[in-house]
Amino acid sequence: MYPSGRLHLGHYRGVLQNWLKLQHEYECLFFVADWHALTRSYETPRELAKSTREMLIDWLAVGIQPGSATLFMQSRVPQLAELHLLLSMLTPLSWLKRSPGFKDHQLQLKEQDLLTYGMLGYPLLQSADILLYRAGLVSVGGGQDAHVEIARDVAKRFNHLYGREPDFEAMAELAIARMGRKLATLYRKLRQAYMEQGDNEALQTARALLEDQYNLSIADRERLLGYLEGAGRVLLPEPQVLREDTITVPGLDGERMSASAGNVIELRESPESISEKLMRMPTDPARCRRNDPGDPARCPVWQWHQVYSEGSVCEWAQEGCRSAAIGCVDCKRPLIDSVIEELSPVRERAREYEGDPDLLRAILSEGSERARDEAQQTMIEIHNALGMDF
Ligand code: SF4
C-alpha cells in the first residue's frame, strides 16, 4: 500500500477488512510501498516517514497483527532493487508500455507533464515485489488482474531463460529419489497422468505433494515443479490472482472516496467530526423541503445505508424517503451511529500506537528483517541459476 498518511473508510472497507481475513488464512506479506510512492512524489521524499507512520498506526489499529502477517518497508529490502534490475534486462519495453500501471500513472500525472524512467519501470518493480517473495497469490480488487499478468509473463520468461540447467533431467531424477520410494512412485504416476492425458487434477495433486516435501531443498522443489510440466526449473513461480469481494464506500459527495477530493472520513476521526460530516452530506437534490418525497437512488446517503445498515433500516429509509415520512436528518442518524460504532475501537487502539514510535519502528524493523531473509533465499537461487554466484 502507498504510504498515503492517515487511512479512511474507503481503505478500511475496500482493502483492510480483506487483509484482516487473509492474515489468518495465508502467510501474508503486507508492505509500505515507499519506493512506489516516489514515482509520484520524488520531490518530497522526506514526507514519506510521516505518511508511513500514520498508515502503520491505522493498519495496527484496525487489527492487522505483526504476529500473523509480515509487515515491512519495501525500501528496507535491497534485494528488491537487484531483482528489479535483473528483470529489467529481459523485459521487452512493449510489455511495460502496454501495462495498465504505466497508463494509469500517465493519466494521473498528466499535470506534472513528466515521464520518468521510474514510471516506466513501475509495473516491473511491482512484478519484482511479487516474484522476490515467490508469492503464490496476489490479492487484487476488481479489474486489476492485468497488474499481476505482467508478473506472470516476466516469471515465465525468466524461467524459460534460466530454468534449463544442462543436466536438468538427471538432477530432477535425483530429487525424485530423495522423496522416498512411496512418494516418488506417486509423483511419477501423477506426472505421467498429466503429461500423457493432460490430467489437470493430477497436476494440482502433484504440486500439493511437492509443497509438503520439507526434506527437499528449494532448488529440488523448483526442479520437480518444472519437471511435472516438461519444463525446466521454476525459479520464479507464476503468481495467481486472489480475487476478493470488496466493498466500496462512496465519498461524502457520492463520488469515489479519496483524500485529495476531500470527501473522506478518516479511521481516527472523532465522533463529533463524523457526525458533522455526515450531517452535511448532500441528499437527493429534488428533495428541497421536508415534505417533498425523495428518491434514494439519487442520494449518496442511501449508498452509505447500503454499506452500513441492516435490511430493516434500509427498508425504513427507502419507504420513509419516498413517502416523505422521514426527513434527511432522521435518515442520517442511524448511519452516523453505525459509523461511530465501527470506528470507536479503531480510535482507541490507535492511541496505544500513537504514543509509542519505538514500537512502530520495532514492528517494521522485525518485519523487514523477515522479508529480507525470504528475499535472500530467492536471490541465492537466482545467482546460482544465472551462474553469477562466483
Ligand atoms: S431521506 Fe435519506 S435517502 Fe432520502 S433524500 Fe433524504 S438522506 Fe437521501
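Domain bounds are those given by an automatic or database domain assignment. On this basis the chain is divided into domain 1 (9-162 + 238-248 + 355-386), domain 2 (175-228) and domain 3 (268-354). The model is predicted: local features need pLDDT of at least 70 and side-chain atom pairs count only at pLDDT 80 or more, while totals for chains, interfaces and linings use all residues. Residues are numbered from 1 along each chain as its sequence is written.

The C-alpha centres of domain 1 and domain 3 are 35 Å apart. Eleven residues of domain 1 are in contact with eight residues of domain 3, two residues being in contact if their C-beta atoms, placed from the backbone, lie within 7 Å. On the side of domain 1 that touches domain 3, at least two residues each are supplied by α3 (47-62) and α17 (357-386); helices are DSSP runs (H or I) of at least four residues, numbered from the N terminus. The largest share of this side, five residues, comes from α3. Its residues comprise seven nonpolar, one polar and three charged, where Ala, Val, Leu, Ile, Met, Phe, Trp, Tyr, Cys and Pro count as nonpolar, Asp, Glu, Lys and Arg as charged, and the others, Gly among them, as polar.

The ligand has 14 residues around it, of which Gly 294, Cys 299, Cys 321, Cys 328 and Cys 331 come nearest; a residue is near a molecule if its C-beta atom, placed from the backbone, lies within 6 Å of it. At least two residues of this shell are supplied by each of α14 (300-308), α15 (311-323) and α16 (328-354). With three residues, α16 gives the most to the shell around the ligand. The shell residues divide into nine nonpolar, two polar and three charged.
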